[in-house]
Amino acid sequence: MSLRTPPLRETHADRGAKFTEFGGWDMPVEFDSISAEHEAVRESVGIFDVSHMGEIEVTGPDATTLLQRLTTNDVTALDPGEAQYSALVREDGVMLDDTVVYRLPDDRADELDATAYLFVPNAGNDGDTHDRWVDYRDEHDLDATVRNATEDWAMFAVQGPEAPALVDAVASVDTETFGRFDAGYTTVADTECWLARTGYTGEDGFELLCPWEAAETVWGAFDEAQPCGLGARDTLRIEEGFLLSGQDFHPEEEPRTPFEAGIGFAVDLDTEFVGRDALADATEPTETFVGLELLDRGVARHGYDVTDDDGHVIGTVTSGTKVPTLERAVGLGYLPTSHADPGTHVNVVVRGQEKRAQVVRPPFGDD
Amino acid sequence: MSFDVPTDRRYLESHEYLTDDAPYRVGISSFAQDELGDVVFVELPDEGDTVTAGEEFGVIESIKAVSDLYAPVSGEVVAINEALFDTPELVNEDPYGDGWMLEIEPSDESERDDLLSADEYDDQIQ
């Protein structure tokens, strides 16, 4: 199957970016160096092309009901122009994806004669998610329009301590009026964009959706920011202990509930949703998502075993790297709650050798 | 983009180089370090170990990938570059100089003839 390409594939290639396959997309993994890009986001500002993220629009009289039934958080808590982190789970409570749900402003909703939402599934999940929404809508006879708008919208993330000043300079918006998880329409380079104070790097910053055909112009407006690839995105999110869909949880290969994955805050058991009853019985899991810091030389990687002092395998590393600015090898993974307290000594098996490690509560850079 | 391929050494298809005079120095090419990106860890054999031509002698890890390192010739490891344990980024900064990995005293000089010349290697990475 051929790879899907973001609208700026050639622009990035001309800039010297290296590419990798991710979620079925051909995406830039590195522009200059992962270290330089990671550092730019921590110390100044970086921009990521995340156009591989899906966009699903849900509108109509029953749009709220449909989202309430298929996401774990309470979507009725959203006012127009607000964003919410949420999870998508199966009937048995296993996570299919995590997502951000935006409620579009009322003026736009009026145009559409309904409440309107947009949410962002992870790369490669847009098709299945769209179908799941349509199937559920039809089965329950709900009045809502569900549209897969993934290739209508390019998406960029502008992240770092200098991100607000840059967005102020480039967009028709005063970022001081934007609290964390606020969202709204703005104009960048004469293009109407959807802007939200969200991101996945642990830094202050914004995510910006613009029409696919305007991607070049809008990207160009942020030329003061360091272009960053998926490599830096991975080291930044690992450093914060943020989950990566498909790697830290996966419905078949790493089936996990939101409680195991440490995002129980995105589950509202007072709402009615698919998987709610299973999750109500799973609020105190026996295994939980932890951070690991290697004390010996070596790098923890996805799939490596974690052992206890007796050499018994007690878990697996789901994500691992050496974080550029930390000079330490760190990982994420699941351990029995008996071994999950910070400071607990465990081992990570690196190419057959046990390397000493300890459990840490992310973010790793916070000490 | 073109990469520096010094003519005073020979190369493996897997991007390791071998200097001209014994004991030979072994490292990876500038092309290889660029492909790997930021090198964060290098695992090397001990001094006194023997290595075999074409077989793994160690591992190099960048932020994004783990790769095996292959011995260009057979012989005894007479020196390792311990500086790489604390500053693996030397492989990125100076792959043909301070970023070297091993010195090998060869057990069979003729194995060297099986390696690529600089021109042949340069063709491979174009």
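In the predicted model, helix H2 (residues 34-43) of chain A and helix H8 (residues 230-240) of chain A have axes that come within 8 Å and cross at roughly 55°, where axes are lines fitted to C-alpha atoms, for helices over the stretch in contact, and angles run from 0 to 180 degrees between N-to-C directions. Helices (H or I, at least four residues) and strands (E, at least two) are DSSP runs, numbered from the N terminus. H2(A) and H8(A) are therefore oblique to each other, since angles under 35 degrees count as roughly parallel, over 145 as roughly antiparallel, 65 to 115 as roughly perpendicular and the rest as oblique. The crossing of H2(A) past H8(A) is right-handed; a crossing has this hand if the near helix is turned clockwise from the far one by less than a right angle, and is left-handed if the turn is anticlockwise. On the side of H2(A), the contact (heavy atoms within 4.5 Å) is made by Ile34(A), Glu37(A), His38(A), Val41(A) and Arg42(A), and on the side of H8(A) by Gly231(A), Ala232(A), Thr235(A), Leu236(A), Glu239(A) and Glu240(A). These residues divide into four nonpolar, three polar and four charged, where Ala, Val, Leu, Ile, Met, Phe, Trp, Tyr, Cys and Pro count as nonpolar, Asp, Glu, Lys and Arg as charged, and the others, Gly among them, as polar.

H8(A) is mostly covered, with ten of its eleven residues buried; buried means under 20% relative accessible area, exposed over 50%, and partly exposed in between (1.4 Å probe, protein chains only). The buried residues of H8(A) include Leu230(A), Arg233(A), Arg237(A) and Ile238(A), and the buried residues pack against H2 and against strands S1 (18-22), S2 (25-30), S3 (46-49), S16 (313-323) and S17 (328-336) of chain A. After H8(A) comes Gly241(A), whose phi is positive, near 80°.

Chain A also holds an open sheet of six strands in the order S10-S11-S12-S9-S3-S13, with mixed pairing; two strands pair if DSSP finds at least two bridges between them. Strand S10 (183-188) and strand S13 (226-228) of chain A are the edge strands, each pairing on one side only, and neighbouring strands of the sheet are turned by 30° against each other on average, direction ignored. Within chain A, strand S9 (residues 153-159) and strand S12 (residues 205-211) pair in the antiparallel sense over seven bridges, and the bridge partner of Ala154(A) in S12(A) is Cys210(A).

Thr191(A) is placed in strand S11 (residues 191-196) of chain A and, at 10% relative accessibility, counts as buried. When residues up to four places away in sequence are not counted, Thr191(A) touches Thr186(A), Pro211(A), Ala214(A) and Val218(A). Arg137(A), in helix H5 (residues 126-139) of chain A, is buried with a relative accessible area of 17%, and its C-alpha atom is separated by 9.0 Å from that of Asp62(A), 75 residues apart along the chain.

In chain B, an open sheet of six strands has the order S1-S2-S3-S9-S8-S5, with antiparallel pairing. Strand S1 (9-11) and strand S5 (50-51) of chain B stand at the edges, each with a single partner strand, so one side of each is left without a neighbour in the sheet. S1(B) is joined to strand S2 (residues 16-19) of chain B by three bridges, and the two run antiparallel; Tyr11(B) stands opposite Tyr17(B) in S2(B).

Residues are numbered from 1 along each chain as its sequence is written, while chains are lettered from A and ligands numbered from 1 in the order in which they are written. As this is a predicted model, local features need pLDDT of at least 70 and side-chain atom pairs count only at pLDDT 80 or more, whereas totals for chains, interfaces and linings use all residues, and side-chain values use heavy atoms, with hydrogens and water left out.
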